[in-house]
Amino acid sequence: MDLLAVLELIQNPNSETRKSAETCLIDLEKKDYAKFNLELSKILSQENLNPEMRRLGGLILKNKINNFWENNLEQPKKDYFFDEKTSVKEEIKKNVIKVLNSSNKFVRRTASQVLAKISQIEISKKQNIELISFL
């Protein structure tokens, strides 16, 4: 099942359907953490999608990045995801920056929250300070 379909099912009022979708979401994340986050950023950046789905994708992305960084994960994993040379992180940032031009203010706000979290981590690692001047 694709990530967008899972996000739609998470919004379902039926508790059984929602619980099944939450399990599927966890499975997708475990399968490939970097790809999972990249897909969330793509959902956030797609102007043609329902704004609520975009916001949900962005909020999950922000929370995953925050949890990934703050929890006691193995340092090599942290270093990989937040390494300056990691193209996945750069692709996520490009997708999120694109959203700052969105016509929907709520989606823009969600994107700014994701960017703030990424920037907070990068600043703490003394990485990519030029993003601040760009913004």
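Glu47 has a relative accessibility of 41%, so it counts as partly exposed; buried means under 20% relative accessible area, exposed means over 50%, and partly exposed is in between, with a 1.4 Å probe and protein chains only. Its partner is Arg54: the two side chains meet in a salt bridge, 3.5 Å from N to O. A salt bridge here is a side-chain nitrogen of Lys or Arg within 4 Å of a carboxyl oxygen of Asp or Glu. Arg54 is buried, with a relative accessible area of 1%.

Before going on, a note on the source. This is a predicted model, in which local features need pLDDT of at least 70, side-chain atom pairs count only at pLDDT 80 or more, and totals for chains, interfaces and linings use all residues. Residues are numbered from 1 along each chain as its sequence is written, and side-chain values use heavy atoms, with hydrogens and water left out.

How many salt bridges are there by this rule? The count comes to five. Side chains of opposite charge can pair when their charged atoms come close. Helices (H or I, at least four residues) and strands (E, at least two) are DSSP runs, numbered from the N terminus. Glu39 is partly exposed at 28%, and Lys42 is partly exposed at 31%.

Another salt bridge joins Glu52 and Arg55, at 3.6 Å from N to O. Both lie in helix H4, three residues apart, about one turn of the helix. An α-helix has 3.6 residues a turn, so residues three or four places apart point the same way. Glu52 is partly exposed at 42% relative accessibility, and Arg55 is partly exposed at 24%.

Arg55 also turns up in the surroundings of Thr110. Thr110 is in helix H7 and is buried, at 2% relative accessibility. Leaving aside neighbours within four places in sequence, Thr110 is in contact with Leu44, Arg55, Gly58 and Leu59; contact means heavy atoms within 4.5 Å.

Now the whole chain. It has eight helices and zero strands. Of its 135 residues, 41% count as buried. Among contacts with a separation of 6 or more, 59% are between residues 24 or more positions apart. Ile92 is in helix H6 and, at 1% relative accessibility, is buried.

Next, the core. A nonpolar core is a set of buried Ala, Val, Leu, Ile, Met, Phe, Trp, Tyr and Cys residues joined through side-chain atoms within 4.5 Å. The largest one has 30 residues, and those with the most contacts inside it are Leu7, Leu25 and Val96. Helices H1, H2, H3, H4, H6 and H7 each supply at least two residues of this core. Not counting residues up to four places away in sequence, Val96 touches Ser41, Leu44, Leu61, Ala111, Val114 and Leu115.

Last, helix H1. Which of its residues are buried? They are Leu3, Leu4, Val6, Leu7 and Ile10. These cover an arc of only 160° around the axis, so they are on the same side of H1; the arc is that of the directions from the helix axis to the C-beta atoms. The buried residues of H1 pack against H2, H3 and H4.
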